[in-house]
Amino acid sequence: MGEVTPFPQAGRPLAQTAFDRAELAVILNVYGRMVAEGQWRDYAIAMDRDSAVFSAFRRAAERPEVQIVKRPSLRLKQGQYALVGEGGATLRRGHDLKSVLAPIERRLLKLVEA
């Protein structure tokens, strides 16, 4: 017939990595400001056993402009968060999500004439 998948039991960790509420709040804050600037129009979230990825798109039919990747296995080494560019190169990696998102924050700053 088919395979039977058991329900997760209490106390047993899920086999999936995800962003928690505080992380999503930081990410969606930046995303909302980029949408207001007209830079981004769509996003996608992918959750796997080893990583969680938030991808931001200029248009839905294109490759993601940036990806924010969370890999808990790198938490004690180089940092669990990474900012990946459109070409697949890692732009920034670290332990603090806000510092990893700093290159995107810089794009939002505008020079105001006095």
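Helices (H or I, at least four residues) and strands (E, at least two) are DSSP runs that are numbered from the N terminus. This is a predicted model, in which local features need pLDDT of at least 70 and side-chain atom pairs count only at pLDDT 80 or more, while totals for chains, interfaces and linings use all residues. Residues are numbered from 1 along each chain as its sequence is written, and side-chain values use heavy atoms, with hydrogens and water left out.

**View 1. Overview of the elements of the protein.** The protein has three helices and five strands, and from the N terminus on these elements follow the order α-β-β-β-β-β-α-α. Of its 114 residues, 32% count as buried, where buried means under 20% relative accessible area, exposed means over 50% and partly exposed lies in between (1.4 Å probe, protein chains only).

View 2. A pair of aromatic rings is described by the distance of the centres and the angle of the planes. Rings of Phe, Tyr and Trp (its six-membered ring) pair if their centres lie within 6.5 Å, and planes under 30 degrees apart count as stacked, over 60 as edge-to-face and the rest as tilted. The structure holds four aromatic pairs, and one of them joins Tyr 31 and Phe 54 in an edge-to-face arrangement, with 5.9 Å from centre to centre and 75 degrees between the planes. Because Tyr 31 lies in helix α1 (residues 21-37) and Phe 54 in strand β2 (residues 52-57), this pair ties together parts that are 23 residues apart in sequence. Tyr 31 counts as buried at 11% relative accessibility, and Phe 54 counts as buried at 1%.

**View 3. The stacked rings of Tyr 43 and Phe 54.** The ring centres of Tyr 43 and Phe 54 are 5.2 Å apart and their planes are at 15 degrees, so the pair is stacked. Since Tyr 43 lies in strand β1 (residues 42-47) and Phe 54 in strand β2, the pair ties together parts that are eleven residues apart in sequence. Tyr 43 is partly exposed, with a relative accessible area of 39%. Ring pairs also link Tyr 31, Trp 40, Tyr 43 and Phe 54 into a cluster.

View 4. Two strands pair if DSSP finds at least two bridges between them, and here four bridges join strand β4 (residues 81-84) to strand β5 (residues 90-94), which run antiparallel. Leu 83 has Arg 92 in β5 as its bridge partner. The hairpin has five residues between the strands, and Gly 88 takes a positive phi near 100 degrees there.

**View 5. Two glutamates in the loop between β2 and β3.** Glu 65 lies in the loop between β2 and β3 (66-70) and is buried, with a relative accessible area of 9%. The side chain of Glu 65 makes a polar contact with the side chain of Arg 58 at 3.2 Å; a polar contact is a pair of N or O atoms within 3.5 Å, of which, within protein, one must be able to donate a hydrogen and the other to accept it, and residues adjacent in sequence count only if both atoms are side-chain atoms. Glu 62 is also placed in the loop between β2 and β3, and Glu 62 is partly exposed at 34% relative accessible area. Glu 62 and Glu 86 are 24 residues apart in sequence and 10.0 Å apart in space, C-alpha to C-alpha.
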